[in-house]
Amino acid sequence: MSSADYATVSTPIGPFTTLVDHEGAVLAAGWTTDADGLRELVHPRLRPAELRRRESLGAVTRAVEKYHAGDVLAIDDIAVRQVSGPFLVHAWEVLRKIPAGDPVTYTAFAGLSGRPEAVRAAANACARNAAALFVPCHRVLRTDGTLGGFRWGLPVKRWLLDHEAAPAR
């Protein structure tokens, strides 16, 4: 892949940047203005050589804005493109099916992913997820209900979980 587009929008929890490929699928995303840092999270087979800044990524940017404004389902139909081994790819697909407002534990996530004994592998799927928000790894908690880790910080994870648990506005 030679290039990708990116855009940054303001959100209540800080700037959010999304990188998309030539078909508009999300390659990486997160609460940062560092597009080059996001580019490094993309698997080498998909990693773009160059980035082009855009004011908007159309439907992707609208989904980010709607999500942060309260429509937590707005991100559900946005295409995502990540590659890795079969378990990670499957686990990322499973993450996209965890309903907003209904977080699961790492143990439950491992079970949903078809490998109940592989709790560490499930946690690794969250840690290696480049497409934050669109692949909602923030919806996975420690067995004791505490937040666990999150690339974008625990205050962001707490805000996302509270935002998704809030009644529709």
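Is cysteine 137 buried or exposed? At 7% relative accessibility, cysteine 137 comes out as buried, where buried is under 20% relative accessible area, exposed is over 50% and partly exposed is in between (1.4 Å probe, protein chains only). The model is a predicted one, so to speak of local features takes a pLDDT of at least 70 and side-chain atom pairs count only at pLDDT 80 or more, while totals for chains, interfaces and linings use all residues. Residues are numbered from 1 along each chain as its sequence is written, and side-chain values use heavy atoms, with hydrogens and water left out.

Back to the cysteines. A disulfide is a covalent bond between the sulfur atoms of two cysteines; the working cut-off here is a pair of cysteine sulfur atoms within 2.5 Å. Searching the whole structure turns up zero disulfides. For cysteine 126, the closest cysteine sulfur belongs to cysteine 137 and sits 5.4 Å away, which is too far for a bond. Cysteine 137 is accordingly in no disulfide. Cysteine 126 is buried too, with a relative accessible area of 10%.

Both cysteines turn up around leucine 95, which touches Phe109, Cys126, Val135, Pro136, Cys137 and Val140 once residues up to four places away in sequence are set aside; contact here means heavy atoms within 4.5 Å. Leucine 95 is also listed, with Trp31, Phe109 and Phe134, among the residues with the most contacts inside the largest nonpolar core, a set of 53 residues. Such a core is made of buried Ala, Val, Leu, Ile, Met, Phe, Trp, Tyr and Cys residues joined through side-chain atoms within 4.5 Å. Helix 3 supplies the largest share of this core, six residues. Domain 1 (3-69) and domain 2 (86-165) both contribute residues, so the core lies between them; the domain bounds come from an automatic or database domain assignment. As a rule, in soluble globular proteins nonpolar side chains tend to be buried together.

Next, the aromatics. Rings of Phe, Tyr and Trp (its six-membered ring) pair if their centres lie within 6.5 Å, and planes under 30 degrees apart count as stacked, over 60 as edge-to-face and the rest as tilted. The whole structure holds three aromatic pairs. One of them joins phenylalanine 16 and tryptophan 31 edge-to-face, at 4.8 Å centre to centre with 70° between the planes. The pair links distant parts of the chain, 15 residues apart: phenylalanine 16 is in strand 2, and tryptophan 31 is in the loop between strand 3 (26-30) and helix 1 (35-41). Helices (H or I, at least four residues) and strands (E, at least two) are DSSP runs, numbered from the N terminus. Phenylalanine 16 is buried at 0% relative accessible area, and tryptophan 31 is buried at 9%. Phe16 and Trp31 also belong to one aromatic cluster with Phe134 and Phe150.

Tryptophan 92 is a separate story. Its place is in helix 3, and at 6% relative accessibility it counts as buried. Tryptophan 92 and tryptophan 31 are 61 residues apart along the chain, and their C-alpha atoms are separated by 19 Å. The side chain of tryptophan 92 reaches the backbone oxygen of alanine 125 at 2.8 Å, a polar contact (a pair of N or O atoms within 3.5 Å; within protein, one must be able to donate a hydrogen and the other to accept it, and residues adjacent in sequence count only if both atoms are side-chain atoms). Beyond four places in sequence, tryptophan 92 touches residues including Gln82, Arg128, Asn129 and Val135.

Glutamine 82 is buried, with a relative accessible area of 15%. Its side chain makes a polar contact with the side chain of asparagine 129 at 3.0 Å, and a polar atom of that glutamine 82 side chain lies 2.8 Å from the backbone nitrogen of alanine 130.

Leucine 133, in the loop between helix 5 (119-127) and strand 6 (140-141), has a positive phi of about 75° although it is not a glycine. Leucine 133 is buried, at 1% relative accessible area. Proline 12, in the loop between strand 1 (3-9) and strand 2 (16-20), is exposed at 57%. Proline 12 and histidine 68 are 56 residues apart in sequence but 7.1 Å apart in space, C-alpha to C-alpha.
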